[in-house]
Amino acid sequence: MSMTSAAFPWENGRPPHLPCGTGDIAENVLTPGDPDRVRLLADMLEEVTDFGRKREFAVITGIYEGQRLTICSTGIGGPSTEIALVELAMLGAKRVVRIGGMSSLVAEYAPGSFVAVDRALGDTGTARTYRAVGGEAKASSRIVAGLVGAATELGLTCRPGVVASTDSYYFGQDRRYRPVDDGQDLSANFIGRFQAEGAIGVEMESEITMTVGGAIGLETGCLLGVHGNRATDSWLDDYEATQRNLLRIAGRLFSSTEWELRG
Ligand SMILES: O=P(O)(O)O[C@H]1O[C@H](CO)[C@@H](O)[C@H]1O
Ligand SMILES: O=c1cc[nH]c(=O)[nH]1
């Protein structure tokens, strides 16, 4: 029977969750939620190494516009995002930008547009845990400015904004949560409260990415594509173009000659 430390169950430089090891991770990392999006974006990188997938974590490293870049999925929500961030940082990541989807809470952010998160509202369990060790749900200001600038260079519109992160997709986002549409209690009005606090979007990982990232020494930001709009009740059926544009914007941020954070 082979055994390792329960307190730190890494073996030969390989973490217990991400399917990769020492030397495999670039300093700059993009983190979509969905592992299928890692595969979707792989053809936009050169010299790609695909490390495979374990649970919700799919990882590739390649070259984008001349810079080494890793893409690693986090799965949905706090616990799996924390695992990805901690293992990425231990494997050498320095900067992490979440790339994902959100629903807009204001009519003017139409499906297909982009938001560079500068702050996240929320009280998700994982973020709360890491606030105790100094994490804060605020993005690096140069990542926010760099994302807006990169989008402009590419002819795309990306605005800075505050988003709300939640641990719940259905009840916690005022969606029907029982199989039968039987007048269920949605009076908690989570969306209305997020709007009243100034959030322009809702999703499930930005608060965790910035709070955990801050506490463990990563420079972080979140670039979100608008998949839906709760103010107009519209939903984008095909998000492939939006996902590819998220990589184009965040990849351009890291490859920009004006931006000195390379690796
Ligand atoms: O587009 P991704 O990154 O998956 O993010 C959003 O989509 C998922 C819910 O469908 C949540 O993870 C939410 O934050
Ligand atoms: O409505 C949405 C869209 C993306 N992600 C969410 O959490 N909610």
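Mentor: A residue is buried if 20 or more other C-beta atoms, placed from the backbone, lie within 10 Å of its own, exposed if 12 or fewer, and partly exposed in between. This is a predicted model, in which local features need pLDDT of at least 70 and side-chain atom pairs count only at pLDDT 80 or more, while totals for chains, interfaces and linings use all residues. Residues are numbered from 1 along each chain as its sequence is written, and chains are lettered from A and ligands numbered from 1 in the order in which they are written.

Trainee: Which residues of α2 are buried?

Mentor: Helices (H or I, at least four residues) and strands (E, at least two) are DSSP runs, numbered from the N terminus. Helix α2 covers residues 78-90. Its buried residues are Gly78, Ser80, Thr81, Glu82, Ile83, Ala84, Leu85, Glu87 and Leu88.

Trainee: How many Å does α2 reach from its first C-alpha to its last?

Mentor: The helix has 13 residues. The expected span, 1.5 Å times one less than the number of residues, is 18 Å here. The reach of α2 is close to that value, at 18 Å.

Trainee: Which residue in the turn between β2 and β3 has a positive phi?

Mentor: Strand β2 (residues 46-54) pairs with β3 in the antiparallel sense over six bridges; pairing requires at least two DSSP bridges. Within this pair, Ile60 in β3 stands opposite Asp50. The two strands form a hairpin with two residues between them, and a positive phi of about 50° belongs to Arg55.

Trainee: Which element gives the most residues to the shell around ligand 2?

Mentor: Residues around this ligand have a C-beta atom, placed from the backbone, within 6 Å of it; Gly101, Tyr169 and His227 are among them. The elements that give two or more are β5, β8 and β9. With three residues, the element that gives the most is β5.
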